[in-house]
Amino acid sequence: MTDDELIWRIAGGSGDGIDSTSQNFAKALMRSGLNVFTHRHYPSRIRGGHTYVEIRASDHEVKSRGDGYNFLLALGDSFARNPQEEAYYGNEEIKPLTENLDELREGGVIVYDSGLLDTEEVENFDERVEENNWNVYDLDLRGLAKEHGREIMRNTAGVGATAALLGMELDKIEELMQNAMSGDILEANLDVLEDAYESVQSDYEFTHDLQIPTGEHEEDQVLISGSHGIAYGAIDEGCRFISGYPMTPWTDVFTIMTQNLPDMGGISEQVEDEIAAASLAIGASHAGAKAMSGSSGGGFALMSEPLGLAEITETPLVLVESMRAGPSTGMPTKPEQGDLEHVLYTSQGDSNRVVFAPGDAAECYEQTRKAFEIAYNYQIPAIVLYDQKLSGGHQSTDESVFDEEPNPDLGSIVTEDDLEEAAKEAGRFKRYMYDSDDGVSKRSIPGQKGGNFLASGNEHNEVGHISEDPDNRVIQMDRRMAKLDSIREELNENTDHQPVYGPEDAQYGILSFGSTKGVVEETVDRLNDDGHSVKAMNVSDLMPFPKGEVTDFLEDVDEALVVEMTATAQFRRHIQGQLGRFGEKLYSLLKYDGNPFEPEEVVSGFESRIEGSADLGEYNVRIESATGD
Amino acid sequence: MSAFNAIGEEREIDRDEFTPEIEPQATWCPGCGDFGVLKALKQAMPEVGRNPEETLLVTGIGCSGKLSSYFRSYGFHSIHGRSLPVARAAKLANPGLEVVAAGGDGDGYGIGGNHFMHTARENHDMTYIVFDNEIFGLTKGQTSPTSPKGHKSKTQPHGSAKSPIRPLSLGLTSGATYVARTAAVNPNQAKEILTEAMEHDGFAHIDFLTQCPTWNKDAKQYVPYIDVQDSDDYDFDIHNRGEAAEMMREAEDALYEGEVLTGRFYVDDERPSYQQEKQQTGDMPEEPLAERYFDDDYEWERSYDLLDRHK
């Protein structure tokens, strides 16, 4: 960790307002000209249970959560204090301290709510403080909030204390509070904020060096999650129909869409299950709307069947898959990338789909737009694959990313003229015509005169009737499969679509996909600064796979480390499967403990593999050879 | 709107227009009750004033699913049990379409039972025909959700220990606003009921008794069918939920004892359809969503305008 950054962790119980407080504070930091990246850690529980949000803020670009953190605001878990008779909560009350100290850096700052937390109960607290040179400030945040009427405002008190300790002006925070609240509640919060700020300034002697970094943005910034990126990409592509069933973390996209679509003349449907959700999106798309659905692991499993239906009927369909740790229900609120193969290959038969895996909020926006374009132009299912980390984490992003014209084009649709022509030439419209250059045969929309056809999940002939004729079968399969090649060609026309990060001629490579992008890029910077020669490629086009570019990347390096949040090296297997070689060059760095990678872990993973120098013992990561040991 | 130039077209409609130009691949056996559904549906369409191109017929899988192959319209032959979710979204996206969904007793009451319950609950404006022959036909004669208790088949060799589902009661309690039962052997009644169902503004559920001459020779095609409206023995108020429920219970009990009661069992003209409710709450546009995409002058709202809350 460098000195010019703040990594602020606010810890408490689920339901204690950690999320909203951190959102506001992150915005205030962004408004002060800093780059911001947030990481949300929470249990699968509504109220109570240890939760924290980390905000990393710096003048330099921040692409990951960073390593450890340097400022802890420990609020206490208010819900742990009043357990129901039958509930087992254990010693959760002090968790905001006990669960977080391991990752707090040397010389870091601790502010804890002495109204709720007792450091006497924390094992070896004083020794650890001394050992690590921590600067501890105990404040009765609860008492302070209570004085102004509402105990819940202790998060506001904590933010006021933070600002005082870091030498931060209150104006940006106050502005944001004025936007979010009004009346008595606003007044009370402003009072608490100022009270905490002033009492820290007057009553405490500061022992720490940490100050708020200063920065300035070249462009206007917005604080956006990957889920916002996806939802906004869909909206700008003219998606006005969404159907879904709540499931963490997919619910984020579903909620954002539902909160916006009806006001934009769109439709959102919360339905009985995920099979229905995907089937509704197919129905709406068939009827002439741009539609989307999505889910997470188990819910997406249910969509396997409609996914194939969309493919064989050639109904455009966009699905979102937000991965969480599996198998089965797994860890609902923790990120992993283990649904990769599930998403690439689910559904019966030789089925095809397009899969994009964006790496940050801006890519979520861009690639969702691309997914819609491809799905509607080529009449094929397109999936946007991301994970819990990108779903809930917010990052400051250039506002200009979203300044793109809308594209409500439905893609390959016949016109009235086409239909008249078809009637003259062939006697009727051939929905699934055999001869087409790119595998795409134009579709009609119910209600178009002369366009009627049968869309069938059974194999069908060129007019849409069910057919088991062997020649027709081969023609239709080949035509549908040809789409992926056409799509690969179209994607390749954009020469820089899988950009290489770092020096082109580097000796070593790191490969990743999806949300590990940022942490890998930071690692590459750090390794090159330390005298290594490393480059990285974050692959976002997973299907069709950019074979040429990944081959070029791998041919030039001695070895490559494939960094992924899976236990079975699915991404590495995908690369080997697609390219058919490079087994001897590929090593995996795997993490599947429910937490995203930190740069230090990837640096150590690299050094351990290349130099045999680093010890991975203290991390939950594992190196694995592609060829076995 | 020129994009949907067949919707609302006023002209004389001939039932033969609903016959496909080509012979579909034969699935239905000679003597199959499904032909009766097809015939009744073709007869009802001109009565409702709908042409093939403004009609969307969504089917599931199985013999019943092949209805869309034998019927000329816009068709969507979906997957087992899933006709309803496909159909209701199409109707929401373009309410101008006449949407009919169809499935079998396995498809509709078994694998698709959950969708049935929820589509009825929401009262989507569509017609749902369930081909009820008390057997899985296309997979060669397994016990279905409407097979009688004790029914023996390859999958229930000792006879089924399960009581059959009660389709009419299920439709009513789930929220269907038009519930009827008709039969392939009653073509005139079937046509009338289908016509009413399509004209009904809400979810119309028709339990359509069909005979399976191959796998279910016990099916009740030879017993007398009684129309509850035509018979003096049955007096109930079709708009009264309680009386309708009582009548349904009687019909469902009697069915497996050889007395087949058909006709309309429940009609609720008061409750608005789901799309009307959704439009009232501002959750759905007044004009068809699908039309937007063909309107060059429509101003599409952009996400850029939503960014203020993220600054």
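Two strands pair if DSSP finds at least two bridges between them. In this predicted model, that rule links the two chains: three bridges join β15(A) to strand β2 (residues 74-77) of chain B, and the two strands run parallel.

β15(A) belongs to an open sheet of nine strands. The order is β15(A)-β2(B)-β1(B)-β3(B)-β4(B)-β6(B)-β5(B)-β8(B)-β7(B), and the pairing is mixed. β15 of chain A and β7 (225-227) of chain B stand at the edges. Each has a single partner strand, so one side of each is left without a neighbour in the sheet. From one strand to the next, the twist averages 20°.

Inside chain B, strand β4 (residues 126-132) and strand β6 (residues 203-209) pair in the parallel sense over seven bridges. Here B:T127 stands opposite B:A204 of β6(B). Helix α3 (residues 83-93) of chain B lies across β1 (55-59), β2, β3 (98-104), β4 and β6 of chain B. Helix α3 of chain B runs at about 175° to β3(B).

**The interface between the chains**

The size of an interface is often given as the accessible area lost when the parts come together. Chain A and chain B bury about 5,900 Å² between them. Carbon and sulfur atoms account for 57% of that area. A:E272, A:K449 and A:N452 supply 11% of the area that chain A buries against chain B, more than any other three residues. The contact draws 76 residues from chain A and 62 residues from chain B.

Polar links cross the interface too. There are 38 residue pairs in polar contact between the chains, with both residues at pLDDT 80 or more. On the side of chain A that touches chain B, several elements each supply at least two residues, among them α1 (18-31), β7 (221-225), α8 (226-236) and β15 (454-456). α10(A) gives the most, with eight residues. By class, this side of chain A has 35 nonpolar, 23 polar and 18 charged residues.

**Salt bridges**

Two of them are listed here.

| Salt bridge | N to O distance |
|---|---|
| A:E269 and B:K278 | 2.8 Å |
| A:E341 and A:R573 | 3.0 Å |

The pair A:E269 and B:K278 joins side chains of the two chains. The pair A:E341 and A:R573 lies within chain A. A:E341 lies in helix α13 (residues 340-345) and A:R573 in helix α20 (residues 570-579), so the pair ties together parts that are 232 residues apart in sequence.

**Backbone points to check in chain A**

Most residues other than glycine have a negative phi, and most peptide bonds are trans. Chain A holds exceptions. A cis peptide bond joins A:T248 and A:P249, with omega about -5°. A:P249 lies in the loop between β8 (241-244) and α9 (251-260) of chain A. Another cis peptide bond joins A:M543 and A:P544, where omega is about -5°. A:P544 sits in the loop between β19 (541-543) and α19 (547-555) of chain A. A:N133 has a positive phi, near 60°. A:N133 is found in the loop between α3 (125-132) and β6 (135-139) of chain A.

Notes. Residues are numbered from 1 along each chain as its sequence is written. Chains are lettered from A and ligands numbered from 1 in the order in which they are written. This is a predicted model: local features need pLDDT of at least 70, side-chain atom pairs count only at pLDDT 80 or more; totals for chains, interfaces and linings use all residues. Side-chain values use heavy atoms; hydrogens and water are left out. Contact means heavy atoms within 4.5 Å. Buried area is the accessible area (1.4 Å probe) that two parts lose on being put together, summed over both. A salt bridge is a side-chain nitrogen of Lys or Arg within 4 Å of a carboxyl oxygen of Asp or Glu. A polar contact is a pair of N or O atoms within 3.5 Å; within protein, one must be able to donate a hydrogen and the other to accept it, and residues adjacent in sequence count only if both atoms are side-chain atoms. Helices (H or I, at least four residues) and strands (E, at least two) are DSSP runs, numbered from the N terminus. Ala, Val, Leu, Ile, Met, Phe, Trp, Tyr, Cys and Pro count as nonpolar, Asp, Glu, Lys and Arg as charged, and the others, Gly among them, as polar. Axes are lines fitted to C-alpha atoms, for helices over the stretch in contact, and angles run from 0 to 180 degrees between N-to-C directions.
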